[in-house]
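Open the model in your viewer and keep the sequence panel beside it. The tour below goes from one selection to the next.

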Amino acid sequence: MTVLEMLQLCLIGQRSGRIECRVNGQNGQLEVRSGQVVRAISGFVSGEPAFFALVTPQGVEGQFLPNEDPVERNVSASTDYLLMEAARRADELAKATPPPSSSSPRISVTQLTVISDPVPKVFELGAPALRLGRALDNDIILSVESVSGHHCRLELRGTDYWISDLGSRNGTFVNNQRVADPTLLRVGDLIQLGAALLRCGSGEITPAVIKRRTAKVHQVDTQDLVLPPRQPGGTPSTYQAVNLPRHP
């Protein structure tokens, strides 16, 4: 039985316990109390990002272990919201990856959003090559202990970015699949570097406040960002990417 099916049964039956699973070599746990998710862990990730990493992929098998012992809560959102959001994310991923026979043009990745930070940060891409890691000489610096000094590399081929691992100790994952060879990035892809989670975008987000700018990428603070509302059955409006001046 999949993790999603088990969670739905726990919700209906008001069960308490732990759902255990394994995704791409990483252990995952969902703690439920009276049918509500109170704790989620996936590898180095915890809280709501871990929940989506475990539930959004299709077909992940799980095991339910009844348990009434109290645990430290790290998920504050309601389970109903989490399930609806997981379904929306899965739908977005499916739409962002058209079949090979599709004649519709592919949208190139132009933004990376660090969604694991308390305040998400958006990086505007554009350089032919970008290096990500914890060291200060990277183009995109991720100050997370589980991220290697030089963790991975993005390379622009034509209009598309490809990601490669640089021998990191915790690996590079795209949509929970470990990157062994250069991998094409598509809009909506979820990149995991240790405990850092980044989402690929195509200019949907206009930053409200620009905090810092570097020569190769733009780091912006989205603390004041208000995302467009989504209407059931409708087409969500999108923001336009900002054009930031480049300094010589």
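Start with Ile 141, which is partly exposed because its relative accessible area is 29%; buried here means under 20%, exposed over 50% and partly exposed in between, with a 1.4 Å probe and protein chains only. Ile 141 sits in strand β9. Helices (H or I, at least four residues) and strands (E, at least two) are DSSP runs numbered from the N terminus. This is a predicted model, in which local features need pLDDT of at least 70 and side-chain atom pairs count only at pLDDT 80 or more, while totals for chains, interfaces and linings use all residues. Residues are numbered from 1 along each chain as its sequence is written, and side-chain values use heavy atoms, with hydrogens and water left out.

Show the surroundings of Ile 141. Beyond the neighbours within four places in sequence, Ile 141 is in contact (heavy atoms within 4.5 Å) with Gly 133, Arg 134, Ala 135 and Leu 136. A C-alpha to C-alpha distance from Ile 141 to Arg 131 reads 8.6 Å, across 10 residues of sequence.

Next, select Ser 146, in the loop between β9 (140-141) and β10 (152-157). Ser 146 counts as buried because its relative accessibility is 10%. Leaving out residues up to four places away in sequence, Ser 146 touches Phe 44, His 151, Arg 169, Asn 170, Gly 194 and Ala 195.

Move to helix α1 (residues 3-13), where the buried residues are Val 3, Met 6, Leu 7 and Cys 10. They lie on the same side of α1, because they cover an arc of only 100° around the axis, taken from the directions from the helix axis to the C-beta atoms. Gln 14 follows α1 and has a positive phi, near 55°.

Pick Leu 7: apart from neighbours within four places in sequence, Leu 7 is in contact with Ile 19, Val 32, Val 37, Phe 51 and Leu 83.
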